[in-house]
Amino acid sequence: MGPPSRSGFYVSRAVALLLAGLAAALLLALAVLASLYGRCARVQPSELRDRGAPAAAPSVPGKQEPASQPGPTPEPDAAATPPTWRPPGPWDQLRLPPWLVPLHYELELWPRLRPDGLSASALRFTGRVNITVRCTAATARLLLHSLFLDCERAEVHGPLSPDAGDATAGRLSVVETWFAADMQYLVLELGEALQPGSLYELQLSFSGPVSQDTREGLFLNLYTDQGERRALLASQMEPTFARNVFPCFDEPALKATFNITIIHHPRYVALSNMPKLSQSEKEDVNGSKWTVTTFHTTPPMPTYLAAFVVCDYGHISRIERGKQIRIWARKDAIAEGNADFALNITGPIFSFLEDLFNISYPLPKTDIIALPTFDNRAMENWGLLIFDESLLLLQPNDKLTEKKIVISFTVSHEIGHQWFGNLVTMNWWNNIWLNEGFASYFEFGIINHFNPKFPRNEIFFFNILHGALREDHALVSRAVSVNVESFTETNEINELFDLFTYNKGASLARMLSSFLSEKIFIRALKSYLETFSYANAEQDDLWRHFQMAIDDQSKILLPATVKSIMDSWTHQSGFPVITLNVSTGVMKQEPFYLGKVENQTLLTHNDTWIIPVLWIKNGTTQSLVWLDKSSKVFPEMQISDSDHDWVILNLNMTGYYRVNYDELGWKKLNQQLEKDPKAIPVIHRLQLVDDAFSLSKNDYIEIETALDLTKYLAEEDEIIVWHAVLMNLVTRDLVSDGNNYELYPLLKKYLLKRLISIWNTYSTMIRENVTALQEDYLALILLEKVFGTACWLGLEDCLQLSRELFRNWMNHPENEIPNPIKNVILCYGIALGNDKEWDFLLKIYNNNTKEEERIQLAYAMSCSKDPWILNRYMDYAITVSPFAFNETNVIEAIAEASEVGRYVAKDFLINNWQAVSKRYGTQSLVTLLYVIGRTISTDSQILELQQFCSNMLEEHQRLTVQAKLQTIRNENLKGKERSARIAAWLRKNT
């Protein structure tokens, strides 16, 4: 380690005056000075603010600490490097030059957080890092990542002797240091070049801000525990935030070992990736005592997995296969047993994955910590997993929610990363799906191992596949695996953490497993993980190990190499629609477009996919076939109009595509549904509904073909199939549009006749045995749509049940409304009630401190059908109590809730738009206009809204609104045509 970190630069006032007086010797003096001390250009505070640095310290209860001075007041920066134009160079590139390879970090961090309050000094940290690097190409210019950090000392030592370390190493002259802001580099210009093959040590001292507004780098959480206001610090480095905490080589392939030391207040505990090695005491210049906690050396890992927490938390622990697992949380939460569930499932999940891959978890411990605020996410840091507490802690009243399964999925995902991401890391962010896609896929393998009765295919469809298919299409520019050359800015890396990386990546992993077999799939992954342990891999490395597994057996035959097959899915956007003509056996593929007719002319999609087609005939699984060209004949799939055969492609929906049939194919499936729906497995009844409505919406088939598939629904008792039907027929636009007076009574008559059976099943359960829902994950997440539709259709039993449950809760608050239908009951309790019910809900809102519940209550209060109550509500939110309802835009909620609400909100906005703009911001007016204009279908309606908002908006906003309203009108006109066809079909079939 170098000298202790100090503030300021190492140039005294005397030296500065001497330099000023001796102009002739200036260059020589600077050269001598640079040879002794490396100097780091500072980024001005104003420059930091422009780039989104953390804001000033918040005001919190507690004693305010005087600003601590870690060292003497620094002298003025007499010779600071002024901003200057730089010629094009490696600092303009997103990727680091390959000249240096980091081998080891000696990192010390000293956050000044104290338990007796926050001050400006408490929201900064100092640190020092010694980085051992190997030089691979001669260079006198060193680049490493640094952002928002003030660098106070920079030295370079070497060449290092492998045996003697840096004891005999010389010091190289650091002539100049400067900051390349665009690509977030710290640049060190040396007086001589580093030599290839030699080892060197970079010694840097620095300070930086603790983030308060974002969970990036080293950040602050404020929370209440044991009746006191408290604070903690935690880190989030992925993908590119390690550079916010210490200067480093912040790329995933540049793995190194870490020795980490954290200096912290004695009342706090410090956690990092590895177990504690030692503790000692340190005294600062003010005489305050601090604890120095040092941790064991990590395995080689990328900077994005380095993790730190400084907190006053409690924990519970257990031993799994000789290794300690600890769950850390607020002391109140630990005492209430909220962490027990997470602790009980963590060890068995580790053991399951160790056995599955035959690779032991390499670290000696695992800490998992629940943060009060972590933006509803989790992070897989090696040895120190960090969760938003909503995804880790299970409260006693969470029994009738999906919380237990959500926690299980999230914990499984992050533990899966200990192999996919931590042990084997993608070479660069363009293949982040190798981390996230496989961790997402194995969530389901883990959950199904411990819950074998779970409907795994249906849950995968709902949680993963449906969302990907809904958003993906041929005109999307985003493939799962992206070319490195496509990236030009750091913020583009953050955009990769999306539905395509997680959901589509997991779906492709599942498809690969389905056509290889689970046995070969796992064998190949074992080989891949063993080969690249503690190293990095490309997508092609993965395909090579799958090919090796295929070549090592003779049972599974593929039409092409694994690479050729899978590259056709990962390197192009969208997915195919395959259409089977059952009369001829001809199967063809084409790209899926959103709106087939109008969009096919926009882009020629020449590529095809190599498609695995698993299929069933009359309920019996058939041999796998491949569609590896645009069209192919499969005689075994032919059926005739006279027989009773039927065919379904895409067994268990393991393929990432949609399926269409010719008229006869759909007819045969519809006949089977009406004759004996249970002969078709649940996943395929779901598939038929989902594919048919999606294809009809986008002009691949007629809407009547999709509607024909709903005739059998009186016999359907699976809630996930009902959910798919209702999501397609009872849309938000339909519910909020009072002009659908023709469609509504037809739909009501048609659906209620078929809905009554499943309604009776679940309403009886709600009334008589609500605890039976605890183990029905799909019901917990899907029941709300069924109940909401029944009440919207005017089913008297649903309305009566809403009144009963709401009034029972009003009179006996301990009788809580069952969570799966709470939104529906609250809304209809208000809609069917008067000001008594509304005032009761307002009182509950004002006494509630949980943000999630306050949002739920605020939206429920917008369900009233009484204009005077709604006007009072808006006035209350805008003028009477402007500090309430900060979680919800009340005007928008009311406009969204009902047609009555839309008219009332519009009238209120006319008279109060300035107050609304001040309360929620000008952009809220734009959003409100979109909501109010949701049902427009004529030019006169657009003109009316334009006149309505002419005084409210700036010119550029008016133009944006006009364009958006035109789009809404066009979509509504198309929707009206669709609704008219649905109404005509309902007349014939009701």
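Two strands count as paired if DSSP finds at least two bridges between them. Keep that in mind for the first of these close-up views, which come from a predicted model.

**View 1. Three strands form an open sheet in the order β27-β26-β30.** The pairing in this sheet is antiparallel. At the edges stand β27 (620–621) and β30 (647–649), each with a single partner strand, so one side of each has no neighbour in the sheet. Strand β26 (residues 615–617) pairs with β27 over two bridges, in the antiparallel sense. To find a bridge for yourself, look for Ile616, whose bridge partner in β27 is Thr621. Strands of a sheet pair through backbone hydrogen bonds, either parallel or antiparallel.

**View 2. Gln203 is a buried residue in strand β8.** This strand covers residues 199–209. Gln203 has a relative accessible area of 3%, and because buried means under 20%, Gln203 counts as buried.

**View 3. The largest cavity holds about 80 Å³ of space.** Rolling a probe the size of a water molecule over the atoms shows where empty space is left. Searching the whole structure turns up six cavities of 30 Å³ or more. Residues lining the largest cavity include Glu320, Arg321, Phe350, Tyr361 and Thr366. Two elements, β17 (323–329) and α5 (340–357), each give two or more residues to this lining. The biggest contributor is α5, with four residues. Sorted by class, the lining has three nonpolar, four polar and four charged residues.

Technical notes
Residues are numbered from 1 along each chain as its sequence is written. This is a predicted model: local features need pLDDT of at least 70, side-chain atom pairs count only at pLDDT 80 or more; totals for chains, interfaces and linings use all residues. Side-chain values use heavy atoms; hydrogens and water are left out. On a 1 Å grid over the protein atoms alone, a cavity is a set of points where a 1.4 Å probe fits but cannot get out, and a pocket is an open set with protein on both sides within 12 Å along at least five of seven lines; lining residues have an atom within 4 Å of a point. Grid points are joined across faces, edges and corners, and a volume is the space filled by probe spheres set on the points. Ala, Val, Leu, Ile, Met, Phe, Trp, Tyr, Cys and Pro count as nonpolar, Asp, Glu, Lys and Arg as charged, and the others, Gly among them, as polar. Buried means under 20% relative accessible area, exposed over 50%, partly exposed in between (1.4 Å probe, protein chains only).
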